[in-house]
Amino acid sequence: MMHLRTPAARFLTAASLVTGLVLTGCTTSPSRPAADPDEVIKAATQRLTDACLTRQGLTPYRPGQSPPPAAEQQRVSDALFGAGPAELSVALPTGHVVRAHTDGCLAAAQQRLYGDQPRWFRTSVIVNNLEPEAGRTHRSLAEVRDRHRAEIADWRRLRGHALAAATTLLDTPPPTGDTRP
């Protein structure tokens, strides 16, 4: 995830995440999400981030709602993505630098699901940018993938961990009255 500098950009990113989850059928309802691993992980991430925001007295944004005032958008954005300078950073061969926080509800959800949020951040940023790297370095995608075999293997291990954790989380509803998954 790129470091978003303005409250409005961060809020819109959060709204887009929630919209995407809702449009793909991933809601916080007790029904089981699709068997697609990406959808299972998204649903668990949303459940964890929604619960985190709720514990802080914040209401997760839902599509179709009027946007809250700017101050509330900033509070939700800071709680979701973290605040202050980003603690994690990966410089890509394309010249782009991707940053993320280790605080915030999203980081906490990633830590719980992947088991190592900083490692997941680094690995996923690299793996998700293999095609741009191939273009920038004038190498084939196969060559770039071969060069990043270790990161790809790590990505697969971490994603497998997240899928198992997400499946368990979604199969085990929180006790009545407890909003903490």
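Predicted model: local features only at pLDDT ≥ 70, side-chain atom pairs only at ≥ 80, totals over all residues.
## The chain at a glance

Let's start with the overall layout. The chain holds eight helices and two strands. Read from the N terminus, the order of elements is α-α-α-β-β-α-α-α-α-α.

Of the chain's 181 residues, 38% count as buried. The accessible surface comes to about 9,800 Å², and carbon and sulfur atoms account for 55% of that surface. Turning to contacts between residues at least 6 apart in sequence, 61% of them join residues at least 24 apart.

## Helix 2 against helix 8

Helix 2 covers residues 37-55 and helix 8 covers residues 149-171; their axes come within 9 Å and cross at roughly 60°. That angle makes helix 2 oblique to helix 8. The crossing of helix 2 with helix 8 is left-handed.

On the helix 2 side, the contact is made by Pro37, Asp38, Val40, Ile41, Ala43, Ala44, Arg47 and Leu48. Helix 8 answers with Arg159, Ala162, Leu163, Ala166, Thr167, Leu169 and Leu170. Sorted by class, the residues of this contact between helix 2 and helix 8 are 11 nonpolar, one polar and three charged.

## Helix 2 against helix 4

Helix 2 also packs on helix 4 (residues 105-114), at an angle of about 130° and with the axes 9 Å apart. Helix 2 and helix 4 are therefore oblique to each other. Their crossing is right-handed.

Helix 2 contributes Ile41, Ala44, Thr45, Leu48, Thr49, Cys52 and Leu53 to this contact, while helix 4 contributes Cys105, Leu106, Ala109, Arg112, Leu113 and Tyr114. The contact of helix 2 with helix 4 contains 10 nonpolar, two polar and one charged residues.

How many residues of helix 5 are buried? Eight of its 11 residues (the helix spans 117-127) are, so helix 5 is largely enclosed by the rest of the structure. The buried residues are Gln117, Trp120, Phe121, Thr123, Ser124, Val125, Ile126 and Val127. Their cover includes strand 1 (88-91) and strand 2 (97-100), along with helix 4, helix 6 and helix 8.

One of these partners, helix 8, packs against helix 5 at an angle of about 125°, with the axes 9 Å apart. That makes helix 5 oblique to helix 8, and the crossing is left-handed. The contact joins Arg119, Trp120, Arg122, Thr123, Ser124, Ile126 and Val127 of helix 5 to Glu151, Ile152, Asp154, Trp155, Arg157, Leu158 and Arg159 of helix 8. By class, the contact of helix 5 with helix 8 has six nonpolar, two polar and six charged residues.

## A loop residue to look at

Where is Histidine 138 found? Histidine 138 lies in the loop between helix 6 (130-137) and helix 7 (141-147). Although Histidine 138 is not a glycine, its phi is positive, at about 60°. Is Histidine 138 buried or exposed? With a relative accessible area of 74%, Histidine 138 is exposed.

Note on methods:
Residues numbered from 1 in each chain as written. Heavy atoms only, no water. Axes fitted to C-alpha atoms, helices over the stretch in contact; angles between N-to-C directions. Helix = DSSP H or I, 4+ residues; strand = E, 2+ residues; numbered from the N terminus. Parallel < 35°, antiparallel > 145°, perpendicular 65-115°, else oblique. Left-handed = near helix turned anticlockwise from the far one by under 90°. Contact = heavy atoms within 4.5 Å. Nonpolar A, V, L, I, M, F, W, Y, C, P; charged D, E, K, R; others polar. Buried < 20%, exposed > 50% of the residue type's maximum accessible area, 1.4 Å probe, protein only. Areas by Shrake-Rupley, 256 points an atom, 1.4 Å probe, with all protein chains shown as cover.
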